[in-house]
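Please keep the sequence and the three-dimensional view at hand while reading.

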Amino acid sequence: MAPMRLVHQLGETWKKMPALARIVVVGAGGLVLAALIVVSVLNSRGPRMQALFTGLDPKDAAEVVARLEKEKVPYKLEAGGSAVLVAARDVHKMRLVLAAEGLPNGGSIGFELMDRTNIGATDFERRVNYLRALQGELARTIMQIDAVEAARVHIVIPEQSLFVSKAQPATAAVMIKIRPLAEIDRGQVRGIANLVSKSVEGLKPEEVTIIDFTGKVLSSDYGVQAADRQAGSFLEVKTNFQKDLERSVQTLLERALGAGNVVARVSADMNFDQTTVTKNLFTPVSDGGGLARSVKELQEVFQGTGAQSGGVPGVPSNVPGYSGTTGAGGGNSSYERSETVKNVEINEVREQTVVAPGSVKRLSVAVIVNRDLTAAEKAAIENTIASAVGIDSKRQDTISVTGMQFDTSLVDQLKKEMEQPKTAARDPRFIYAGAGLGAFILVAVAVMSMRRRKKTVEPVAEIQAQPFPEMTADIGPNSRAKEQIEKLVKQNPEGVAQLLKTWLAEQR
């Protein structure tokens, strides 16, 4: 009987409820029912899945799936089997478990291949297995570069020959797949070539060919002349120098003018000619002596008896038998002569200066500011730039500062789109919260409406319950009915007004 009585009371309550309250209750019930249906549908789909690994090699995908089945972890394959999805709660755990086992390994086999011992293997098989393991290890190492998504390495080691003239060099080929929106520069390409060459005996860097998955040769600079490679290096130096100056000028001006209000460009004319200057400087000897280079001394000495080695000049005294000749007198004689030749080294200073390439011949700086500039502001900015980059008037360096409004329509549109509130309908939690909030609002509106109606009905009932004079009686200025009406109006004006509205509505 209790359930029937409860149903009867609910029916009576429903009948007494106004139409608006009934609509609110029905709407709230519908929202709650819809939320329950959404919850049941989402739960029937199972837990929310998240990517464990993407872009897997078929071999890696097979090994990962086998390991998941062994751990009894539910999974899902997408993207043709190259992506493995598991429940969000299992992602981090399974990544650690698979990493401990070396999975995924990029589809390549490393030196773990050498763990499989085969007693009956021939030397050729061992050599091939070692080469496979080395190629796999090199591919794994190359994939550690941020810009490289996948890599394959092929090494060719020729057979050793007894004749040196017939010996062939080792060669290698590397194919890499670059990640989306990533770039690989020339330095990274040279690094890959050096890595492979240093890992293989007798392999030179220029014998390593590197290509990407589109077939573009990335290591072509090894096949060009040294002069061409040097020219490319000079261009890279010039580009980096200009970018450094641009960043220096822009960051300096943005501190004063605001971020995004300055654009700076620098053009540098640089001299990459290498010059050698040799100077020989000769200076006089300070002390008058100097450093002796060579000394030659000659000394002659003669002592004895006999004719003297000299006489009166002329024929008579020097021609024997001549009638005028007189005999030489005897006696002691001596002869002595000395000669000294000294070569002194002069003072010499030799200077050899090598001027390194990369000197700046001329600089041109252009700056645009996002507003109109006065002459004083323009001059101040020019002086600031001249001090920042080292403008030299002897080199005829130039500075150009222009003030104009930037076109920021695209940036404003993107900013507006980013500032728009993102809908959270994809997350079930927001769906439940929205449904519950809507139901609460509807119920609150219904309750407030019922309270307002109750407040309005109570004064009318209170007035109707009071003795009211007959409207047909003659209500004079001093009648009893007039006094009762005035008293009632003063006590409850709202109720009287509502009662009058009710009477008018009943008459209509």
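How many bridges join strand 2 to strand 3, and do these strands run parallel or antiparallel? Strand 2 and strand 3 (residues 83-87) are joined by four bridges, and the two strands run antiparallel. The model discussed here is predicted. Its chain contains 12 helices and 13 strands, and 20% of its 508 residues count as buried. The points below begin with the whole chain and then turn to selected parts.

**The chain as a whole**

- The chain exposes about 36,700 Å², and carbon and sulfur atoms supply 55% of that area.
- Among contacts between residues at least 6 apart in sequence, 69% join residues at least 24 apart.
- A search of the whole structure finds eight salt bridges.

- Three strands form an open sheet in the order 1-3-2, and their pairing is antiparallel.
- Strand 1 (49-53) and strand 2 (75-78) stand at the edges; each has a single partner strand, so one side of each is left without a neighbour in the sheet.
- From one strand to the next, the twist averages 40°.
- In general, the strands of a sheet pair through backbone hydrogen bonds, in either a parallel or an antiparallel manner.
- Helix 4 (residues 91-100) lies across strand 1 and strand 3, and helix 4 runs at about 15° to strand 1.

- Strand 12 (residues 359-369) and strand 13 run parallel and are joined by six bridges.
- V367 stands opposite V401 in strand 13.

**Salt bridges**

- As a general principle, side chains of opposite charge can pair when their charged atoms come close.
- R67 forms a salt bridge with E71, and their closest N and O atoms are 2.5 Å apart.
- Why are R67 and E71 separated by about one helical turn? The reason is that R67 and E71 are four residues apart in helix 3 (residues 58-71).
- R67 is buried, because its relative accessible area of 13% is under the 20% limit for buried residues. E71, at 35% relative accessibility, counts as partly exposed.
- R395 forms a salt bridge with D397, and the closest N and O atoms of the pair are 2.8 Å apart.
- R395 is partly exposed, with a relative accessible area of 22%, whereas D397 is buried, with a relative accessible area of 12%.

**A nonpolar surface patch**

- V263, I368 and M404 make a nonpolar surface patch of about 200 Å².
- Where is M404 found? M404 is in the loop between strand 13 (398-403) and helix 9 (409-419).
- Is M404 buried or partly exposed? M404 counts as partly exposed, because its relative accessibility is 39%.

- S197 has its place in helix 6 (residues 186-199).
- The relative accessible area of S197 is 4%, so S197 is buried.
- Which residues does S197 touch, not counting residues up to four places away in sequence? S197 touches L203, K204, P205 and V208.

Key. Residues are numbered from 1 along each chain as its sequence is written. This is a predicted model: local features need pLDDT of at least 70, side-chain atom pairs count only at pLDDT 80 or more; totals for chains, interfaces and linings use all residues. Side-chain values use heavy atoms; hydrogens and water are left out. Two strands pair if DSSP finds at least two bridges between them. Axes are lines fitted to C-alpha atoms, for helices over the stretch in contact, and angles run from 0 to 180 degrees between N-to-C directions. Contact means heavy atoms within 4.5 Å. Patches are made of residues with over 30% relative accessible area and no salt bridge: like charges are joined within 9 Å, nonpolar side chains (Val, Leu, Ile, Met, Phe, Trp, Tyr) within 5 Å. Accessible areas come from the Shrake-Rupley method with a 1.4 Å probe; for residues, only the protein chains shown count as cover. A salt bridge is a side-chain nitrogen of Lys or Arg within 4 Å of a carboxyl oxygen of Asp or Glu. Buried means under 20% relative accessible area, exposed over 50%, partly exposed in between (1.4 Å probe, protein chains only).
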